[in-house]
Every structure is written in structure tokens, then in C-alpha cells.
Amino acid sequence: MRILFVISELYPLVKTGGLADVGASLPKALKELDQDVRVLLPAYPSVKSRCPNLKPVAELRLMDRPATLLEAVVPDTDIPLWLVDAPHWFERPGNPYLGPDGSPWPDNAERFGALCWAGFHLALNQVGLNWQPHIVHCNDWQTGLVPALLALETNRPATLFTIHNLAYQGIFPAQTFTRLKLPKALWHVEGLEFHGQLSFIKGGLMYADKISTVSPTYAKEIQTPSFGCGLEGVLKARSQHLAGVLNGIDTDKWNPATDPWIAQTYDLKALSGKQTNKQALAEHLNLPLRAESPLLAFIGRLVAQKGIDLILQALPYLIRYPFQFVFLGSGERDFEQGLLYWARRYPGQVAVHLGYDEALAHLVEAGADLFLMPSRFEPCGLNQMYSQRYGTVPIVHRTGGLADTVVDATPDRLANRAATGVSFEHPSVGALLEAVKRAWLLYSQPSLWHSLQQTGMLRDFSWRRSAAEYCWLYQQALAERKAGPTLSS
Ligand code: ADP
Ligand code: GLC
């Protein structure tokens, strides 16, 4: 099948979170299944500077402004990568969505509208590249207009829209609709209108032939008011077309046996290597290591989604135990300040690294004993899978992808060697504290602990199975294309 994969981030060219990891590794896994996959991405400065041999292959007009389509390859693959080069929209340093003051760029609707229009023209083979996809696979709100625009066309590819995070929807004032040159037929409540505003994500949810999200549990959760972010009705109405496909991880990049970024490589049979990494991590962060103390780590965006507020509220209690903590993240100022306060007050127990550091993230996974991920909601989450692969036992709130990837250490599951972590039901400080204490008890019993680590390390989180599930969804999208949502005019 010919697949056009449209996305707004791709590791290592541009990354703010797990979306970029998926952008790099899913196309690679599809290629390994012999699919003809090609990726479309905006030409941000970091992307252009990291892609050698850029070749202009087409001139486009997007919303009456000129743009060039550049061709490169996805790093470390031979997958064609097309870049929408429109300096007036994309030639801005730093975060792809936010300006230097941390607020969204005021013209984000135009910027990602341009990405969508480029995807639309490519999908219909209108740019002179002599390549028409069978499937356009769109990811998150930044690409949501593509299925909507295509739905008005005959002879179009089938569309799949993947929700990586429903909390980000791309909502803009109604006037934006005209500025983006969108056809009037798309402006109604069963279309792009959301409470009188323009919603990018609704384009994907209303018009894509198939919708998917990144774990089976999140697919169910988003059909309820607690997780649906106001879109639960829409999702419930389309539940026949909604699937949950668990993300995989790049098992080459995240492999403790070969990882170039850790102090000592190790595997299942030589787990003592973790101790060297623990030492190196502590030294790197100036944390005086206490031999008997379990080291608890957190990596992630410092936002409420990740339950960092729960951790901060639990710290006054946790600090009384012989635990040590490492935090790597960046995000909201209050959370950053909160963590710095604990690091200043307890320098012997808490180390904080604010900022984004890919190499350090690998060392943290290798050096920590336990990984904290009490997310309030988590569409999939990747770090709990990286943790298991690195023999670092995750403590998670049982939601979304965390529920689907971590097997709680109940006595039965421990006895059957099925357990891989500790999970808790309600996102509360009390439940988190209980879970940490439960994990500590396991940590103090070396044979149980090793069994937990080993079961986690043996799990297969590779993309193979999920990529095959996507191929199956593509087939279904093609078969159901004509039976898609009816269009009001
Ligand atoms: P989300 O996409 O919601 O942020 P995921 O768990 O899917 O959450 O993916 C987060 C990705 O970003 C992981 O690869 C994680 O290692 C990485 N990451 C997050 N924060 C940092 C950071 N401060 N430094 C390095 N890597 C980070
Ligand atoms: C989003 C989600 C995260 C998921 C990632 C990749 O950023 O918050 O849970 O793992 O996308 O799909």
C-alpha cells in the first residue's frame, strides 16, 4: 500500500514529546512490512539543518501563499520525507508550537492549515510527483483538516486519523475558517464547528474513514465525559470506526545492551550493570548516592497530565523514607519551581534537571530503580515501556496506555511471573503513597524484585504487531471509504 503519513514532529529532527518518537518509528515499522510509506512534515529550521541534501521537488500555493516542497529521507532509513518549506510560517527557532514567551504562535491555525492543505494536494496527486497514496494517515489536531478536505473529493485516498492526545484540539476563532480558505460545506456542527469555533481535531474525528488512538484503554476512556474533553459524544457516535492500537517503542534506540548514552551496557543476565549506571547518574546530578536507597525517577513534561502535582504533594511524606529522587523535565513554571524547592531543601535526596536532555533520559532509565508515572490520563505513554526494557520498575496510575502496558504486582501475578510494575486505581496522593510503599516492600525482597525486573525486560514492546494492526486498519479504511460520514452541504 502507498501511505502518506502526515505529522508535526519527528525524532530526531524535531521533538516535544512521544508524538515525535512515533513519527520516527511507526513509518520505519511499516516500511519493514513492505509498505510504500512517505512522510510529510513542516520544514522547521531544526529539520532543515539536520537533513542533508534537501531537494526542491514541487512549488505549491497554500492559502494564496507560495511554498516549496523539499525532499529528504527520514534519518537512518530510506523513507522519503517531504517538507513543507514556507519560511513565513515555519522558519522560527525552538518549539514548533510555542513562541519564546511560552504561548502558542498567534498564527498556528495558518501554519498547520498550510500543512493540511499540502497534505491534501499530495493526497490527490496534484503537485506533479506522480505518486498517489491509497491511505493518508494523519496524526493529532495539526493534521485534522486533511480528512475533512478530502471528504469533499471523489477519487480520494482513504483516511485514518490517530489521536495521540485528545486534550490538544486546535481550537480557533470562527473567523479563522475563512482565512484558511476552507470550503463552506465544512462549517456546521457535524463538521468543523465546535461551539461556534473552528476545531481542527473535529476534522479528523468527523471525516476520517477510521479513527484510532494509541491504546485500547484510552479508546474506551475517551468515549466518557471524564476523558472525552467535550468530544465524548462525537467519539461515541463514531465508535464503530474507532480502534485502539498500542504504540510500540524503537527497540534499537532503547536497548540497554547497546545504548551508547549509558555508563555501562547491560542485559537480563548481567543486571549488575544497572548499579554502575545508578552511580554515574548520581554523579552527573551531584546526588550523594546512598547504597541502600531505592532511586525513584521521573521524566516528562511538567504538566498536570503527568500527575506531577500528585508527586509534589506526596514528597513531604516520601522524603521521610530512605528514598532518593531524580527529576528530568520542563514545563509549567509552578511545577519547575516546586521541584527546585525540594532539591534545594533536600540536596542529599532530590536532584532536579530542568530542560530537555535526550542522553540524560537514557541514563535515568538505566540508573533508576523505580519510575514514577502517576499520569491523570495517558493516551499511551512511552517511558513506562522504556523503563520495563531497562529493568526499572514503573509505578503508574492505571489509565490509558499505562493500564495496557504495566502488569500490577499482585501476589498471583508475582507468583505467575506476569507482574512488571505497580499500578493504582485512583489518581490521588494517598493511592500514590500506598503504591510507592508497596514497591519499596518488593524492592526489599531481592528475589521478587529481580523477577519483576526480568519479566519487564522480557516483554516485547516492539512495533511489529502494532504496525500490522495499522495495516489492517488501512484495509478497513479503504473498504469503508464510501460508507464514510454523510456530508452536509
Ligand atoms: P508525552 O508525549 O505525553 O510527552 P510520552 O511518554 O509518550 O509522553 O513521550 C515522552 C517522550 O519525551 C519520551 O521519549 C521521553 O523520554 C521524552 N521526554 C520527555 N521529557 C523529556 C526531557 N525533559 N528530557 C528528555 N526526554 C524527555
Ligand atoms: C501523546 C500522549 C502520549 C503518547 C504520545 C505518542 O503525546 O500524551 O501518551 O504516548 O502522544 O502517541
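This is a predicted model: local features need pLDDT of at least 70, side-chain atom pairs count only at pLDDT 80 or more; totals for chains, interfaces and linings use all residues.

Residues are numbered from 1 along each chain as its sequence is written, chains are lettered from A and ligands numbered from 1 in the order in which they are written, and side-chain values use heavy atoms, with hydrogens and water left out.

I looked up the bridge partner of I171 and found S199, in β10. β8 and β10 (residues 197–199) pair in the antiparallel sense over 2 bridges, and both belong to an open antiparallel sheet of 3 strands in the order β8-β10-β9. Because β8 (171–172) and β9 (193–194) each have a single partner strand, they stand at the edges, and one side of each is left without a neighbour in the sheet.

**Two hairpins.** I then followed β3 (residues 55–62) into β4 (residues 65–73), an antiparallel pair joined by 7 bridges, in which E59 stands opposite T68 of β4. The hairpin of β3 and β4 has 2 residues between the strands, and M63 in the turn has a positive phi of about 50°. β4 also runs antiparallel to β5 (residues 80–85), with 6 bridges joining them, and here I found L69 opposite V84 in β5. Between β4 and β5 the hairpin has 6 residues, with D76 in the turn at a positive phi of about 65°.

**Whole chain.** I counted 19 helices and 18 strands in the chain. For 489 residues a compact globule would have a radius of gyration near 23 Å, and the chain agrees because its value is 23 Å; this radius is taken over C-alpha atoms, and the globule rule is 2.2 Å times the number of residues to the power 0.38. I found that 60% of the 489 residues count as buried, which is to say under 20% relative accessible area with a 1.4 Å probe, protein chains only. Of the contacts with a separation of 6 or more, 70% come from residues 24 or more positions apart, a contact being heavy atoms within 4.5 Å.

Technical notes: Helices (H or I, at least four residues) and strands (E, at least two) are DSSP runs, numbered from the N terminus. Buried means under 20% relative accessible area, exposed over 50%, partly exposed in between (1.4 Å probe, protein chains only). Two strands pair if DSSP finds at least two bridges between them.
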